[in-house]
Amino acid sequence: MSEYKSINKQVLTHLNLNANAGGKAILIGEHSVVYGHKAISLALPDIRLNMQICPDKFTESWEDSWETRIKGNIYQTNKEIQKLLTLAFEKALQLCHPSLELKHFSPQKIVIQSEIPLGGGMGGSAAISTCLVKLSIEIAKHKHLLTQEISNETQIQFSNDVDCLFHSGKASGLDVTTVACDGLIEFSKENGFKYIKNAKEFWLALVDTKERSDTASMVKKVADFLKINPDNGKKYLDNLSKLTDSTLVFLKEGRLLDIASNLNCAQLFLEKLGVSTKKITDLIKTLQSNGALAAKLTGAGGGGLVLALFEKKPEHLYNIFSEDVLYITKVPVYEEQY
């Protein structure tokens, strides 16, 4: 029997609470960011996840509370995922106030509606973690458990602590920070984030390979490569770092062709590190033959999403890829208002 099964009549919330967050994409710097280098990432405000607690719908246990829809279609979560979501929710609640233990409350239905493909490297777990923290803060407020507002910085830290549960105990902070910042940023573990003011808008197409491999296993794969080939491994990571640094300059100067060249080079080093797949390579060739200035994996690799750079909106891709795997978004010129 689940420890979260209700044996009393306390209700966590009588309110119909909602929270939402956008997805994210890493432009460049995957894996090298794990070793202290910079990465460049951006929020995807038009590709979002919404989470709702239904106050009048009760379930047998908290682990049975989760209903997930991806692009409107029911996503069948297994017991392991349900347990993980429940642990993440309790973690978020207890970060807000230690008295908020789920075992004290009657289980209520929680509905996740997402445009973000879960497990695809688009920040699905970061969006879930961010929403869980937002909901927990609202619950704590309405129960009069918070004596002061929780700052944005603390909310990001709480969300990252929750996100660690989805990444075998360790998350870099990049995903959660990007989701929270809602812009184009450079990020490093040591220095946090800085907003980037890009000089020229561009378009991204993201194509889901439908292959999945968790972030932790891909990070381990790179770590194992470094143990076996320390010189080459360090060289590849250093080269990824140099490409990221020059991409920062090119973004600020609006040099799309140079940005594209860097992204294509980055893909070659990611392939050498062993985190690409044949399907990723095939999709890259298809995108490049259909006008992409650059195409590369985005995220941990081993599947997930392929990111392609275009100067103009690539509407013709809707004739090539099915709606369930294609995402197109504009990266606007971000003003220095942050």
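Residues are numbered from 1 along each chain as its sequence is written, and side-chain values rest on heavy atoms, with hydrogens and water left out. Because the model is predicted, local features need pLDDT of at least 70 and side-chain atom pairs count only at pLDDT 80 or more, whereas totals for chains, interfaces and linings use all residues.

Helices and strands are taken as DSSP runs (H or I over at least four residues for helices, E over at least two for strands), numbered from the N terminus. Two packed helices are described by the angle between their axes and the distance between the axes. Helix 3, residues 152-163, and helix 4, residues 174-181, pack at an angle of about 140°, and their axes lie 9 Å apart; the axes are lines fitted to C-alpha atoms, for helices over the stretch in contact, and angles run from 0 to 180 degrees between N-to-C directions. Helix 3 and helix 4 are therefore oblique to each other, given that angles under 35 degrees count as roughly parallel, those over 145 as roughly antiparallel, those from 65 to 115 as roughly perpendicular and the rest as oblique. The crossing of helix 3 past helix 4 is right-handed, a term used if the near helix is turned clockwise from the far one by less than a right angle, with left-handed used if anticlockwise.

At this packing site, Ile 156, Ser 159, Asn 160 and Asp 163 of helix 3 meet Asp 175, Val 176, Thr 177 and Ala 180 of helix 4, where contact means heavy atoms within 4.5 Å. By class, 3 nonpolar, 3 polar and 2 charged residues make up this contact; Ala, Val, Leu, Ile, Met, Phe, Trp, Tyr, Cys and Pro count as nonpolar, Asp, Glu, Lys and Arg as charged, and the others, Gly among them, as polar.

Helix 4 is mostly covered, with 7 of its 8 residues buried; buried means under 20% relative accessible area, exposed over 50% and partly exposed in between, for a 1.4 Å probe and protein chains only. The buried residues of helix 4 include Leu 174, Val 179 and Cys 181, and the buried set packs against strand 1 (17-28), strand 2 (39-58), helix 2 (124-142), helix 3, strand 6 (184-188) and strand 7. Just after helix 4, Asp 182 takes a positive phi of about 55°.

The structure holds 0 disulfides, a disulfide being a pair of cysteine sulfur atoms within 2.5 Å. The sulfur of Cys 131 is too far for a bond, because the closest cysteine sulfur, in Cys 96, is 13 Å away. Cys 164 is likewise in no disulfide, the nearest cysteine sulfur, that of Cys 96, being 16 Å away. Cys 131 counts as buried at 0% relative accessibility, and Cys 164 counts as buried at 15%.

Three further residues illustrate individual surroundings. Lys 200, in the loop between strand 7 (192-195) and strand 8 (202-208), counts as partly exposed at 33% relative accessibility. Not counting residues up to four places away in sequence, Lys 200 touches Gly 254, Leu 256, Glu 311 and Val 333; the C-alpha atoms of Lys 200 and Val 333 are separated by 5.6 Å, although these residues are 133 residues apart along the chain. Thr 247, in helix 6 (residues 230-253), is buried at 0% relative accessibility and, leaving aside neighbours within four places in sequence, is in contact with Ile 28, Ile 40, Ile 259 and Asn 262. Gln 82, found in helix 1 (residues 79-96), counts as buried at 10% relative accessibility.
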